[in-house]
Amino acid sequence: MFRHPLNPHPQTEPSLKSHVTEVELKLRDQKLISLDSAKQEILPSNSGFYWIYTKLDINDFLLSPKPNNPTHIDFSNISSVHQNLKHIIHKGEDEYWCVYNGKGKQLRNRVVAEFSNTKGKTGTLALSRCFKEDDFKLKYIICNAPESPNGISIAYESLQRDLERAWRLNNGWPLLSRA
């Protein structure tokens with residue numbers, strides 16, 4: 001076993017790759033749900049990660065008007081920048097495709113905010129300014145909740161910095177994700 005000279009003790013915690021794999025297995029088993037269902041299922045105190053899916057075509061995003069709030073995602077601009085890139089998640093035949101993923105310490109509030117056309121300084125997708133809520137479905141993972149079918153036993157604090165990005169690197173970059 002290789003021992004790094006600055007850290008002679010081998011890693012005993014599971015790797016980030018193993019956490020991404022665990023999340024992937026949980027997501028694969030989940031059904032897509034509506035925003036209303038997510039509001040009912042996710043407790044206000046839950047922390048975790050979420051994925052937003054749609055059957056909309058990229059052209060629907062390309063033709064979207066610019067947001068009034070500059071902190072919100074400009075769907076037309078980001079779609080045109082991302083549309084022909086190799087590692088962007090693309091829509092398949094008549095299926096839902098992941099267009100965004102994110103994280104939140106107060107997961108339910110963060111998910112709801114992605115649909116709201118807020119006037120504040122915090123950026124969101126503000127999906128409701130261009131689309132119907134029913135155009136989108138969700139999946140989510142709650143941290144520190146192994147008893148939940150959508151939960152994992154890992155603390156949010158240990159994953160918040162890297163899991164979202166690592167999932168994107170492993171599965172493709174969602175069309176509407178900026179960074």
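Me: Okay, T54 then. Buried or exposed?
Reply: Buried: T54 has a relative accessibility of 0%. One caveat before we go on, this is a predicted model.

Me: Noted. Which element is T54 in?
Reply: T54 belongs to strand β1.

Me: And what does T54 touch, leaving out residues up to four places away in sequence?
Reply: The list is F61, E95, Y96, W97, V99, D135 and F136.

Me: How far is the backbone oxygen of D135 from a polar atom of the T54 side chain?
Reply: That distance is 2.6 Å.

Me: Staying with β1, how does it run relative to β3, parallel or antiparallel?
Reply: Antiparallel, and the two strands are joined by seven bridges.

Me: Why would you call β3 largely enclosed?
Reply: Because six of its seven residues, in the run 136-142, are buried, the rest of the structure largely encloses β3.

Me: Let me zoom out. How many helices and strands are there in the protein?
Reply: Seven helices and three strands. Going from the N terminus, the order is α-α-β-α-α-β-α-β-α-α.

Me: What share of the residues is buried?
Reply: 43% of the 179 residues count as buried. The accessible surface is about 10,300 Å², and carbon and sulfur atoms account for 51% of that.

Me: What about contacts between residues at least 6 apart in sequence, how many of those join residues at least 24 apart?
Reply: 76% of them do.

Me: Okay, helices. Which residues of α1 are buried?
Reply: H19, V20, V23, E24 and L27. Looking down the axis of α1, those buried residues stay within an arc of 140 degrees, so they line one face of the helix.

Me: What covers the buried residues of α1?
Reply: The cover includes β1, β3, α6 and α7.

Me: And which exposed residues are on the face turned away from the buried side?
Reply: R28 and D29 are the exposed residues carried there by α1.

Me: How does the length of α1 agree with what its residues should span?
Reply: The 14 residues of α1 should span 20 Å at 1.5 Å a residue, and the end C-alpha atoms are 20 Å apart, so the two agree.

Me: You mentioned α7 as part of the cover. Which of its residues are buried?
Reply: In α7, which covers residues 163-171, the buried ones are L163, E164, A166, W167 and R168. They pack against α1, β1, β2 and α6.

Me: Where does L169 sit, and is it buried or exposed?
Reply: L169 is in helix α7. With a relative accessibility of 63%, L169 counts as exposed.

Me: How far is the C-alpha of L169 from that of I88?
Reply: 9.9 Å, for two residues that are 81 places apart along the chain.

Me: What happens with the backbone just after α7?
Reply: G172 comes there, and it takes a positive phi of about 110 degrees.

Me: Which residues have a positive phi although they are not glycine?
Reply: A126 is one of them, with a phi of about 55 degrees, and N144 is another, at about 60 degrees.

Me: Where are those two in the chain?
Reply: A126 is in the loop between α5 and β3, and N144 is in the loop between β3 and α6.

Me: Buried or exposed?
Reply: A126 is buried, at 0% relative accessibility. N144 counts as partly exposed, at 48%.

Me: Last one, a different loop. What can you say about L43?
Reply: L43 lies between α2 and β1, in the loop there. Its relative accessible area is 49%, so L43 is partly exposed.

Methods: Residues numbered from 1 in each chain as written. Predicted model: local features only at pLDDT ≥ 70, side-chain atom pairs only at ≥ 80, totals over all residues. Heavy atoms only, no water. Buried < 20%, exposed > 50% of the residue type's maximum accessible area, 1.4 Å probe, protein only. Helix = DSSP H or I, 4+ residues; strand = E, 2+ residues; numbered from the N terminus. Contact = heavy atoms within 4.5 Å. Areas by Shrake-Rupley, 256 points an atom, 1.4 Å probe, with all protein chains shown as cover. Pairing = 2+ DSSP bridges. Polar contact = N/O pair within 3.5 Å; in protein donor to acceptor, adjacent residues only side chain to side chain. Expected span 1.5 Å × (residues − 1). Arc of directions from axis to C-beta.
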